[in-house]
Amino acid sequence: MTISFGNPDRPNSYIGKTVPRPNAPRLVQGRGKYVDDIVLPRMAHVVFVRSPHAHAQIGAIDTAEASGVKGVLRIFTGAEIAAVCTPWVAVLAHLKGLKSPPQHAVAVDRTCWVGEPVAAVVATSRAAAEEAAALVEVDYTPLPAVTDMMTALDADTPVLHPEMGDNLAFRRLHEEGDVEAAFARAHKVVEAHFKTARHTGVTLEPRSILVDWNPAEGQMTAWHATQAPHMMQTVFAKHLDLPEGRVRVICDDVGGSYGIKVHVYPDEVATAAIAKIMARPVKFVADRLESFTTDIHARDHEIGARLAVDADGKILAFDIDDWTAIGAYSVYPRTSAIEGNQVVNLCGGPYDFANYRAQTSVVFQNKTPTCQYRAVGHPIAVAVTEGLVDMAAAAIGMDPVEIRRRNLYADDAYPVTSPAKMRFEGLSHHASLNKLLELMNYDALRAEQAALREKGIHRGIGIASFIELTNPSPFMYGIGGARISAQDGCTVRMDPDGSIVALSGVTEQGQGTEAMLAQIVAEGVGVPPARVRVITGDTQVTPYGGGTWASRGAGIGGEAALQSALALKASILEVAGAMLQSPADALDIRDGQVVDSATGEARMPLEELGRIVYFRGDTLPKGLPRELVQTRHFITSDYPFAFTNGVQASYLEVDTGTGEVKLLKHWCVEDCGRIINPQLVDEQIRGGIVQGLGGALYEEIHYDADGQLLNGSMADYLVPMAAEMPDMIVGHVETPTMESALGAKGAGEAGTAGAPAAVMNAINDALRPMGAQVTAMPFTPERILRAMGQIED
Amino acid sequence: MKALAGGYARARDVAHAVDLLAKADGMGRVLAGGQSLIAAMNMRLSTGDMLVDISRIDALRGVTVDGESLRIGALTRHADIGADPLVARHAPLLAQAVQHIAHAAIRNRGTIGGSLAHADPAAEFPACVLALGGTIHLQGPEGARTVAAEDFFIDIFETAIAEGEILTAITLPLAEAGEQHLLIETARRSGDYALAGLCLVKRAAGYRLSAFSVGPRPVLAVAAMERLDAGDVAGAVAALRAEIDPPGDTQASAAYRRHLAGVLLTRALHDLTGETA
């Protein structure tokens, strides 16, 4: 069965339309169920004693005074947790050379960053546990801390993990063509040093977990704010020595994830270990300071980069030297080498050029571990690429649009393999750029900019083309040995009243997955979306799947839902055919009714079919299949990833007195293939842009030279807020992937990928007449004035 | 984190509050709007406090004209000051300040007395009261007394309020005819504490200028005022930059803040009088 997506008047045409989110009323009425809403009998709370040192030997731990606090049940040291919980090592076989030492749930002997758990206090209330945790006395002997990324490999820098030999976790060099020759014959070479600041995801709901261990059943149940329930099931089973089938991970409402909640956190695994030891439910909910010190960080990169162009503005070569520091451990099980690896994979991504050299160096340091966060590596690669392209345009006196037109892959070039060896099935860079220029009225904007410049008003226009990696295959993690599922499944069933229940392995983090699944299933079966109930986030109930990561929910989970829905429709019509004495292919299901497919005439409501199948099956022919439950799984196989593309533009004004940047307007045209729900896609793009704008202008985790976190609060770590956000205009080009019937690719990270580069280019466009340029994010007022030479120290 | 309070008592009136503070053995903390204190407690930056809740003492609330001065009760909330017609007429600087203070939820709870007593060097109200030459009214076990704003702010989070005293009100001179007020600041985001800010008051007798977020306490920029009175704008900018001692932190360096203060003064003068440097 196929769907004629080109016909908007087709029956049950829910795919491609904005339909209401089924979970919205529940959430806005305060009827959501987050981990912290769940209270179980005999539930205890755990609070972690966290290291105040970036690097220290752990000596004696004195719990005597803490144990006396009213309500304290038990206090655990790292060694006690290690007795029931094995350590993990986060490496992947396909990331050759990646190394990381074993990491314990609670530090044993040595602590490696400020915030690492060193003891756990369990009490009848969070307040009592906190009070006692403050009284646990740990005898620390401080060790020298490695905090500077660029000197981490120097001979006189201490080696953080002596057994690893050096502080290099991973290095990858990719070379294609003859880079040196290309630079030698270049008309112009531009070069710059870029910095992207250390960020964290700042989810509205902090990391949360409640674990119960029932020894009578030998069953562990974890209510967990996670993006990957099945992955966590494996992790708990493996490290707590349980059969996988005896671990159930339930993921109800989740208050935002952005990649933060797809990793294994020591305190969360420790909570599960403690529940098993104490045989009672134990809850851990991170507070905001804990979130800043223990949620994964990301984006802490320094990049030396250069670009060679010929006299016509054709790109001859990119040369990229990327550095990142990942904290003391590679994060389990996805590893902390992926972000640097992505920079190597993605630089130069939109452009048709021949010579490419990129290296990433990933080093250890005594800070909070870094790992994958929304748009992993993309904002870095796009900023470096697009920053250089604008510099090259300026160097040869070419308009930034024109240089892109001359270098973007032609829209009919596909399939094509990039110099980074990324395979593109079908992209639309030129169509997207043309649409963007039209939406922003580029020429008029340039004229306005010039006119205002005469009056001393400094505005800038910045453009950033980008590619985004979505719909990952096992090439991302599975081939490296991680039990991270790239396939996903959906089970769809019809109940007696004709209502449909869909159980999916992808998860809802607040982004609207359940709405997307509901409308796909509604169209696939032929019922209104309101008659579809979607269930996600329960390893004991849903088909096995990967959850939410790498913009895969719609492309992978959506296709599984569509195929299972179509299979259910076929099953229903087979029964209907027998009941109505009609060939099944002469029937259809529309709006919850079996109809004559040629005339649309109603033949039978689904309720009637349900009544017969479930209560009067005796009236149906013996041997007639009546399986009103169908399951399908989907995995991509033609391409390792479904790349999407897009282009963003920023229009802003720089206050050359104060250095402030006022964002005036932002545009994004992107191509995520088939759009299932336009509003959800637009809001993903807008939310992603906001997150990217945060990186461009505000967000930066600060540490001092000793590895102390300096800004662990919402007052000091600045996230983008509504008042500073510009109007955003979002447009689309649709190039469906041919790998699936649905044709959807991912949309969740495109906004974040391109926004920082667009803002950087716009600021530099505004500053260029003054001979100033900024390349270190975030672009604070001070950094802008310093670039202009305005600040005297 | 969960707050760890030492106790809580609600005061019926000022005398009762003073009595409760006296019995708190040095651990007494006055709770008014709670917009700084509760946040500090929730981060366990302050523990074991004996909270004396004065928020229900109606006598401490409201704005009146009292002879030649404007009297603002300590419990008057930011939002109420921003909407008060007497404030708009007699001390418009305060109304301007409200637009810069944090966010609506905080303005609905926070009180002017709390802001002055807390004495955050980045807060707007302390600098306003300083620029306007206001008077702080205190009441303690020994009775009531007043302190001039110029003598009130001592150091970061430190004021002339003695142990056991409560800030009950402020009084400000009524704006004279033709008096001009301007508050200007630069913050990273709307509602954030300023990177630097200025309060500029132009009276017949001369300028008054205070700066905030540029040192451990709001500064009355006396040297800059003198240059302004002399009509020397560039001299005033230089003097202001010289008489402040800004901190450096994760948002901006001292050098940036010093530079910014001068830029803001130039802009404030331009906005107020059309003069340019």
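Biologist: Which domains is chain A divided into?
Modeller: Chain A is divided into domain 1 (24-32 + 487-634), domain 2 (35-143 + 206-254 + 260-294) and domain 3 (375-472 + 639-787), with bounds that come from an automatic or database domain assignment. This is a predicted model, in which local features need pLDDT of at least 70 and side-chain atom pairs count only at pLDDT 80 or more, while totals for chains, interfaces and linings use all residues. Residues are numbered from 1 along each chain as its sequence is written, and chains are lettered from A and ligands numbered from 1 in the order in which they are written.

Biologist: How many residues do domain 1 and domain 3 of chain A give to their contact?
Modeller: Domain 1 of chain A gives 16 residues and domain 3 of chain A gives 19 residues, where two residues are in contact if their C-beta atoms, placed from the backbone, lie within 7 Å. The centres of these two domains, taken over C-alpha atoms, are separated by 39 Å.

Biologist: And which elements give two or more residues on the domain 1 side?
Modeller: On the side of domain 1 of chain A that touches domain 3 of chain A, those elements are α14 (513-525) and α15 (553-580) of chain A, and α15(A) has the largest share, 6 residues. Helices (H or I, at least four residues) and strands (E, at least two) are DSSP runs, numbered from the N terminus. By class, that side of domain 1 has 8 nonpolar, 6 polar and 2 charged residues; Ala, Val, Leu, Ile, Met, Phe, Trp, Tyr, Cys and Pro count as nonpolar, Asp, Glu, Lys and Arg as charged, and the others, Gly among them, as polar.

Biologist: Switching to chain B, how many of its residues are in contact with chain A?
Modeller: 16 residues of chain B are in contact with 24 residues of chain A. Helix α12 (residues 254-273) of chain B gives the most to the chain B side, with 5 residues, and the residues of that side divide into 8 nonpolar, 5 polar and 3 charged.

Biologist: Chain A has an α12 too, so which of its residues are buried?
Modeller: In α12(A), A:H429, A:S432, A:L433, A:L436 and A:M440 are buried, a term that applies if 20 or more other C-beta atoms, placed from the backbone, lie within 10 Å of a residue's own. Seen down the axis of α12(A), its buried residues fall within an arc of 100°, so they line one face of the helix; the arc is that of the directions from the helix axis to the C-beta atoms.

Biologist: What do they pack against?
Modeller: The buried residues of α12(A) pack against α11, α13 (442-454), β20 (458-470), β28 (642-654), β29 (661-671) and β30 (727-732) of chain A. Just after this helix, A:N441 takes a positive phi of about 50°.

Biologist: Where is A:Y258 found, and is it buried or exposed?
Modeller: A:Y258 is found in the loop between β12 (247-250) and α7 (266-278) of chain A, and it is buried, with 28 other C-beta atoms within 10 Å. Although A:Y258 is not a glycine, it has a positive phi of about 55°. Most residues other than glycine have a negative phi, and most peptide bonds are trans.

Biologist: Which residues does a cis peptide bond join?
Modeller: One cis peptide bond joins A:Y414 and A:P415, with omega about 0°, and A:P415 is found in the loop between α11 (400-407) and β18 (416-417) of chain A. The peptide bond from A:M777 to A:P778 is also cis, with omega near -10°, and A:P778 lies in the loop between α18 (750-767) and α19 (781-787) of chain A.

Conventions. A residue is buried if 20 or more other C-beta atoms lie within 10 Å of its own, exposed if 12 or fewer, and partly exposed in between; C-beta atoms are placed from the backbone.
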